[in-house]
Amino acid sequence: MNEPNLPQQPTDNKSDFLVGDVVVFIDAFKPDHLMTVHKVQGDGVLLNGNRNFALNHLIRTVSVAELKVGKRLGEVV
């Protein structure tokens, strides 16, 4: 049986985030506005056109509800 030929691109990037992902800070004491991943760098990301930096463990992908209202709704959604 033929196996699908999927391209494998080697990468040193261990991030769960991709350029264009919309994210929010996990911490309720951080700003609650939505941010877009501009560049992935090691275990962190540059956000909003290279204006902010966040470590991966401090952010998460937004939920559909958060995307609709334009801000973080809670620490864990």
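I count a charge as sitting over a ring if NZ of Lys or CZ of Arg is within 6 Å of the ring centre and within 35 degrees of the ring normal. With that rule I looked at Phe25: the charged end of Lys30 sits over its ring, 5.7 Å from the centre.

**Ground rules.** I am working on a predicted model, where local features need pLDDT of at least 70, side-chain atom pairs count only at pLDDT 80 or more, and totals for chains, interfaces and linings use all residues. Residues are numbered from 1 along each chain as its sequence is written, and side-chain values use heavy atoms, with hydrogens and water left out.

**Elements.** I took helices (H or I, at least four residues) and strands (E, at least two) as DSSP runs, numbered from the N terminus. The protein comes to one helix and five strands. From the N terminus the order reads β-β-β-β-β-α.

**Strand pairing.** I call two strands paired if DSSP finds at least two bridges between them. S1 (residues 22-25) and S2 (residues 35-41) run antiparallel and are joined by two bridges. Here Val22 faces Thr36 of S2. S2 also pairs with S3 (residues 44-47), antiparallel, over four bridges. I found Lys39 bridged to Leu46 in S3. S3 and S4 pair antiparallel too, over four bridges. In that pair Val45 stands opposite Ala54 of S4.

**Hairpin turns.** The S2 and S3 hairpin has two residues between its strands, and Gly42 takes a positive phi near 60° there. The S3 and S4 hairpin has four residues between its strands. Which residue takes a positive phi in the hairpin of S3 and S4? I found Asn48, with phi near 50°. Asn48 is a residue other than glycine. I noted this because most residues other than glycine have a negative phi. Asn48 lies in the loop between S3 and S4 (52-55).

**Burial.** My cut-offs are buried under 20% relative accessible area, exposed over 50%, and partly exposed in between (1.4 Å probe, protein chains only). Is Asn48 buried or exposed? Asn48 has 18% relative accessibility, so it counts as buried. Of the 77 residues, 27% count as buried. I get an accessible surface of about 5,800 Å², with 54% belonging to carbon and sulfur atoms. Those areas are Shrake-Rupley values with a 1.4 Å probe; for residues, only the protein chains shown count as cover.

**Core.** A nonpolar core is a set of buried Ala, Val, Leu, Ile, Met, Phe, Trp, Tyr and Cys residues joined through side-chain atoms within 4.5 Å. The largest has 10 residues: Phe17, Val23, Phe25, Met35, Val37, Val40, Val45, Leu47, Ala54 and Ile59. S1, S2 and S3 are the elements that give two or more residues to this core. S2 gives the most, with three.

**Contacts.** I use heavy atoms within 4.5 Å as contact. Back at Phe25, I left aside neighbours within four places in sequence; its contacts are Lys30, Pro31, Met35, Ala54, Leu58, Ile59 and Arg72. Among contacts between residues at least 6 apart in sequence, 40% join residues at least 24 apart.

**Lys71.** I placed Lys71 in the segment after helix H1 (64-69). Its relative accessible area is 39%, so Lys71 is partly exposed. Leaving aside neighbours within four places in sequence, Lys71 touches Asp32, Leu34 and Glu66. Lys71 and Val24 are 47 residues apart in sequence, yet 7.8 Å apart in space, C-alpha to C-alpha.
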